[in-house]
Amino acid sequence: MLQVSTSPTHSWDVDYRANGAVSVNGQPFEWDLAVVGPGSFHILYDGRSYGAEIVAADYTAKTFQFKINGQLLELQAKDRFDLLLDKLGMSNAAVSKVNELKAPMPGLIVDIRVEPGQTVQKGDPLLVLEAMKMENILKAPGDATVAAIKIGLRDNVNKGQVLIQFA
């Protein structure tokens, strides 16, 4: 189960099953989804047609940007563990000191926005990883100082490869 929100006042409980069944706020969600290309989809829902494109995805922060019929939409997702930590008042307890940033997927480094010695705050953009023709902005997982950048511009990287080390 996920809780998906577009703002603090707009959220939905989304449940999905291995058989492909999806429910939103406990009600069955019937839709037809077709992949048009990498990060691009065609959706039919309630007799209407929608064009959807993934603009950016930050898997660490669970934030996503989509274009739906040309309109930009930002989503934040929380899984059951995030929701439990929120309920216990420990949402910041899961944040720990991170010593390095690793590639969440294989791809190509198309932009490096920091340099060694630079101080960054949680959420600051560090670099851009292109994967499957989508640009993914990788952000700082916490407040830190960049100790070393282990990759260069236009480098191909593998999933799990260390990209940046923090002091």
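**Stop 1: the largest pocket**

Select Phe 29, Trp 31, Ile 43, Phe 66 and Leu 75: of the 31 residues that line the largest pocket, these lie nearest its centre. A pocket here is an open set of points on a 1 Å grid over the protein atoms alone, where a 1.4 Å probe fits, with protein on both sides within 12 Å along at least five of seven lines; lining residues have an atom within 4 Å of a point. This is a predicted model, in which local features need pLDDT of at least 70 and side-chain atom pairs pLDDT 80 or more, while totals for chains, interfaces and linings use all residues. Residues are numbered from 1 along each chain as its sequence is written, and side-chain values use heavy atoms, without hydrogens and water.

Next, colour strand E7 (48-58), which gives five residues, the largest share of the lining. Strands are DSSP runs of at least two E residues, numbered from the N terminus. The lining divides into 28 nonpolar residues, two polar and one charged.

**Stop 2: salt bridges**

The whole structure has six salt bridges, each a side-chain nitrogen of Lys or Arg within 4 Å of a carboxyl oxygen of Asp or Glu. Select Lys 78 and Asp 86, whose closest N and O atoms are 2.5 Å apart. Lys 78 is partly exposed at 27% relative accessibility, a class between buried (under 20%) and exposed (over 50%), with a 1.4 Å probe and protein chains only.

Move to Asp 111 and Arg 113, which form a salt bridge at 2.9 Å, N to O.

Note on methods:
Helix = DSSP H or I, 4+ residues; strand = E, 2+ residues; numbered from the N terminus. Nonpolar A, V, L, I, M, F, W, Y, C, P; charged D, E, K, R; others polar.
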